[in-house]
Amino acid sequence: MTSRKTSLAAAVALTAAATTLLVPTAAQAGPSTDLSADPVVIGHRGASGYRPEHTIAAYELAIRQGADYIEPDLVSTRDGVLVARHENEISGTTDVADHPEFADRRTTKTIDDRPVTGWFTEDFTYKELRTLRAVERLPGVRPDNTAYDGDFRVPTLDEVLKLARREGVGVYPETKHPTYFDSIGLSLEEPLVAALEKRRMDDADDEVVIQSFEVSNLRDLDAMVDVDLAQLVDGAGGPFDLPGTTYASMVTAAGLRTIATYADGLGAAKNWVLPRDASGATGAPSAVVDDAHAAGLVVHVWTLRRENQFMATNFRVGTDPNAPGDMYAESLAFLDAGVDGLFSDNPDIAAQALADWLADQD
Ligand code: G3P
Ligand code: CA
């Protein structure tokens with residue numbers, strides 16, 4: 001970790017000084033998982049714009065579309081198996097409600113101080129969870145994806161690692177609700193590190209970045225494993241495990257220097273990099289990218305999605321919130337702002353924009 005951080009800091013300084021001199025090589029133009037190299041595309045929950053999220057089919061499509069990394073969000077089953085779901089409550093992303101044998105497991109819990117009602121992965125063994133099938137989380141926004149409802153199982157982290165290893169792409173796992181899972185005796189960090197070790201993907205040189213909205217577990221992981229770490233910062237609020245700390249304070253120059261003591265990257269909500277004006281349009285970049293680079297952190301922004309409703313007004317096309325806007329232009333705007341990576345539900349568009357942007361750096 002330490003040696004990579006040193007090389008990253010040097011590379012960031014070099015890049016800042018000599019951006020206009022960079023000429024992309026064939027190797028640079030292909031998938032890259034070196035945080036100090038060209039910007040990367042991260043298939044957010046797979047190619048979740050085209051397939052139900054967090055399925056092997058979504059990850060495979062992301063890889064075919066040019067993603068450098070695939071991103072599994074991680075939660076635990078009752079028997080400690082890490083699986084890819086955005087939330088531990090799975091009624092919106094699986095057909096669990098159609099399984100009468102599990103009807104009595106519907107319940108209400110407090111997750112990160114919020115009441116949540118539904119079915120929870122930690123109440124199912126992995127064997128039970130395997131009987132469920134994934135469904136599209138946003139059927140009103142992405143009706144075409146519902147054609148795949150019922151086709152795919154909930155994948156384990158190990159299955160995602162195996163796929164990434166086989167296809168030669170990186171993996172960007174996110175621990176979801178780590179303090180909550182600690183509180184119920186299902187800590188996420190140990191099985192995550194064990195899974196990486198099992199697949200021999202636990203070294204600093206491996207194409208793995210672990211991300212979290214919380215801080216304490218990243219600090220723990222910094223001592224547990226040598227892979228890269230990224231601190232996620234949401235557009236509002238603060239980390240659940242640090243009451244009183246805001247994400248706004250974490251993206252100041254001083255806050256970013258603190259993040260750099262335990263992490264290698266910043267996973268920033270888009271608005272931190274390109275703030276929107278009163279009309280909802282993006283304007284000049286904030287200081288976040290420059291300040292992060294000065295601290296030795298790469299910056300990966302989330303989430304680029306092609307539908308109008310998810311983008312600033314200046315990239316929208318027409319008035320239908322579910323119609324495609326100009327995500328290609330949005331991608332270029334973030335690359336021009338100096339980011340090092342794009343999390344996207346539509347890796348094909350992001351990858352095309354990145355290839356064209358790199359070509360323009362000649
Ligand atoms: O990990 C980057 C981004 O995925 C964070 O937001 O809610 O999509 O996991 P979320
Ligand atoms: Ca995520």
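Let's start at a loop. D112 sits in the loop between β5 (107-111) and β6 (114-118). Before going on, one caution: this is a predicted model.

Look at the peptide bond from W302 to T303. Is that bond cis or trans? It is cis, with omega near -5 degrees. T303 belongs to strand β12, which covers residues 298-304.

Now the ligand. Which residues surround ligand 1? Here is the list, in sequence order. We have H44, R45, E71, D73, H86 and E174, among others. The list also includes K176, Q211, F213 and L232. W302 and F343 are there too.

Start with E71. An N or O atom in the E71 side chain is 3.0 Å from an oxygen atom of ligand 1. Next, H86. There, a side-chain N or O atom and an oxygen atom of the ligand are 2.6 Å apart. Then K176. How far is a polar side-chain atom of K176 from an oxygen atom of ligand 1? The answer is 2.7 Å.

On to the helices. Two packed helices are described by the angle between their axes and the distance between the axes.

Pair one is α3, residues 56-64, with α5, residues 157-167. They pack at an angle of about 20 degrees, and their axes are 11 Å apart. Angles under 35 degrees count as roughly parallel, so α3 is roughly parallel to α5. The crossing is right-handed. Who meets whom? From α3 come I56, Y59, E60 and I63. From α5 come E159, V160, L163, R166 and E167. By class, that contact has 5 nonpolar, no polar and 4 charged residues.

Pair two uses α5 again. Its partner is α7, residues 189-198. The angle is about 35 degrees, with the axes 10 Å apart. This crossing, of α5 and α7, is right-handed. On the α5 side, the contact is made by L157, D158 and L161. On the α7 side, L192, A195, L196 and K198 take part. Sort the residues of this α5 and α7 contact, and you get 5 nonpolar, no polar and 2 charged.

The crossing of α13 and α14 is right-handed. M327, Y328, S331, L332, L335 and D336 are the α13 residues in the contact. They meet I349, A350, Q352, A353, L354, D356 and W357 of α14. How does that contact divide by class? It has 9 nonpolar, 2 polar and 2 charged residues.

That's the tour. Thanks, everyone.

How values were computed
Residues are numbered from 1 along each chain as its sequence is written. Chains are lettered from A and ligands numbered from 1 in the order in which they are written. This is a predicted model: local features need pLDDT of at least 70, side-chain atom pairs count only at pLDDT 80 or more; totals for chains, interfaces and linings use all residues. Side-chain values use heavy atoms; hydrogens and water are left out. Axes are lines fitted to C-alpha atoms, for helices over the stretch in contact, and angles run from 0 to 180 degrees between N-to-C directions. Helices (H or I, at least four residues) and strands (E, at least two) are DSSP runs, numbered from the N terminus. Angles under 35 degrees count as roughly parallel, over 145 as roughly antiparallel, 65 to 115 as roughly perpendicular and the rest as oblique. A crossing is left-handed if the near helix is turned anticlockwise from the far one by less than a right angle, and right-handed if clockwise. Contact means heavy atoms within 4.5 Å. Ala, Val, Leu, Ile, Met, Phe, Trp, Tyr, Cys and Pro count as nonpolar, Asp, Glu, Lys and Arg as charged, and the others, Gly among them, as polar. A residue is near a molecule or strand if one of its heavy atoms lies within 4 Å of it. A polar contact is a pair of N or O atoms within 3.5 Å; within protein, one must be able to donate a hydrogen and the other to accept it, and residues adjacent in sequence count only if both atoms are side-chain atoms.
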